[in-house]
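The following exercises concern the fold contacts and side-chain interactions of one protein model. Each task is followed by a worked solution.

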Amino acid sequence: MAAPRAYWKGSLKLSLVSCPVLLYPASTSVEKTRFHMINKETGNRLKQQMVDSETGDVVESDQKGRGYEVSKGEYVEVDKEELEAVQVESNHTIDIDSFVPRDEIDKRYLNNPYYIAPDGKAGVDAFAVIRDAMKDKDRVALARIVLSNREHVIAIEPLGKGLLGTTLRYPYELRDEDDYFDDIKNPKISRDMIELASHILDSKAAHFDPSKFKDEYENALKTLVKRKAAGKPVKAVEREERPDNVINLMDALRQSLKGKASAKRVSHASSRSLRRTSRPAKKAHRSAARQRKAS
């Protein structure tokens, strides 16, 4: 199997220490089922065309440009040369600016993950020093990197033998939670209800295990495509109707716990019955053994 192609290559720099590194995307969408637009009459794939929104005419590639909407329907055109003039030129260096505690990074800022590996044997020692120092201090490095002509802040942390780099969003890319949470009321909840809900949480306690994640929609798409390709009929799945009645929250919590408790009682009852049925058999076996010994 051929080695994956690096997405970016350059140097990881900490003060005067630097080492050559490679960046690889840590996520992929290759396995996802994708569809193309086709002509239903001919079965041929369709091509998209750019059309003038006012005249309806097809616009050729040499007439296409970029524009920023300054007011409704009014655009200021920005030339390719003007864009290139403001683009950040990559110096192919990941400059580490600071180290922060891991738990201080707001998860909303996390964007795209990358694997960072040493490029060749020359910088392995320096790479290992930076990686192991972060492990000892349990800190995450914040650095700057230029990807696709834009500068990004990237959070770097140890991952196995290598490093995991995750680009971070800028504050202007995040929406303010107050716009969505301000209208949420704070009702008075009884301690009994919280305790009941806590029992349900305890009964569903688990560890984070991504291998258990199942993409039901993706599986259904694959099945659909296979059946269609094989000329087999596809049956529509009947959807469950959502209950429209309002359920008393306390009753719902009690019912949830009741279901768990009854399942446990059934399990205990079965084990007790098994123990009871095994006792007479043991007694009968011992009696038969005594009779044989006496004779």
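**Exercise 1. A residue of strand S9**

Thr166 is found in strand S9 (residues 162-168). The model is a predicted one, in which local features need pLDDT of at least 70, side-chain atom pairs count only at pLDDT 80 or more, and totals for chains, interfaces and linings use all residues. Residues are numbered from 1 along each chain as its sequence is written, and side-chain values use heavy atoms, with hydrogens and water left out.

Task: Determine whether Thr166 is buried or exposed, and list the residues that Thr166 touches.

Solution. 
- Step 1. Helices (H or I, at least four residues) and strands (E, at least two) are DSSP runs, numbered from the N terminus.
- Step 2. Buried means under 20% relative accessible area, exposed over 50%, and partly exposed in between (1.4 Å probe, protein chains only).
- Step 3. Thr166 has a relative accessibility of 9% and therefore counts as buried.
- Step 4. With contact taken as heavy atoms within 4.5 Å, and residues up to four places away in sequence not counted, Thr166 touches Leu110, Asn111, Asn112, Pro113, Val153, Ile154 and Ala155.

**Exercise 2. Tyr115 and Arg131**

Task: Locate Tyr115 and Arg131, and describe the surroundings of Tyr115 and of Arg131.

Solution. 
- Step 1. Tyr115 is placed in strand S6, and a relative accessibility of 40% makes Tyr115 partly exposed.
- Step 2. Leaving aside neighbours within four places in sequence, the contacts of Tyr115 are Leu22, Leu23, Tyr24, Pro25, Ala26, Leu159, Leu163 and Leu164.
- Step 3. Tyr115 and Leu164 are 49 residues apart along the chain, while 4.9 Å separates their C-alpha atoms.
- Step 4. Arg131 belongs to helix H2 (residues 124-137) and counts as buried, at 14% relative accessibility.
- Step 5. Not counting residues up to four places away in sequence, Arg131 touches Pro158, Gly160, Lys161, Gly162 and Leu163.

**Exercise 3. The nonpolar cores**

Task: Which residues of the largest nonpolar core touch the most other members, and which elements give two or more residues to this core?

Solution. 
- Step 1. A nonpolar core is a set of buried Ala, Val, Leu, Ile, Met, Phe, Trp, Tyr and Cys residues joined through side-chain atoms within 4.5 Å.
- Step 2. The largest nonpolar core has 20 residues, of which Leu12, Val21, Ile94 and Ile156 touch the most other members.
- Step 3. Two or more residues of this core come from each of strand S1 (8-14), strand S2 (17-25), strand S5 (93-101), strand S6 (110-118), H2, strand S7 (139-147) and strand S8 (150-159).
- Step 4. Another core, of five residues, lies apart from it and includes Val100, Ile105, Val140 and Ala155.

In soluble globular proteins, nonpolar side chains tend to be buried together.

**Exercise 4. Salt bridges**

Task: How many salt bridges does the structure hold, and which parts does the pair of Arg102 and Asp138 tie together?

Solution. 
- Step 1. A salt bridge is a side-chain nitrogen of Lys or Arg within 4 Å of a carboxyl oxygen of Asp or Glu.
- Step 2. The structure holds eleven salt bridges.
- Step 3. In the salt bridge of Arg102 with Asp138, the closest N and O atoms are 2.9 Å apart. Arg102 lies in the loop between S5 and S6 and Asp138 in the loop between H2 and S7, so the pair ties together parts that are 36 residues apart in sequence.
- Step 4. Arg102 is partly exposed at 36% relative accessibility, and Asp138 is partly exposed at 43%.
- Step 5. Lys222 forms a salt bridge with Glu218, with the closest N and O atoms 2.6 Å apart. Because Lys222 and Glu218 are four residues apart in helix H5 (residues 216-229), about one helical turn separates them.
- Step 6. Lys222 is partly exposed, with a relative accessible area of 33%, whereas Glu218 is buried, with 11%.
- Step 7. Asp97, Arg144 and Glu151 are linked in a network of salt bridges.
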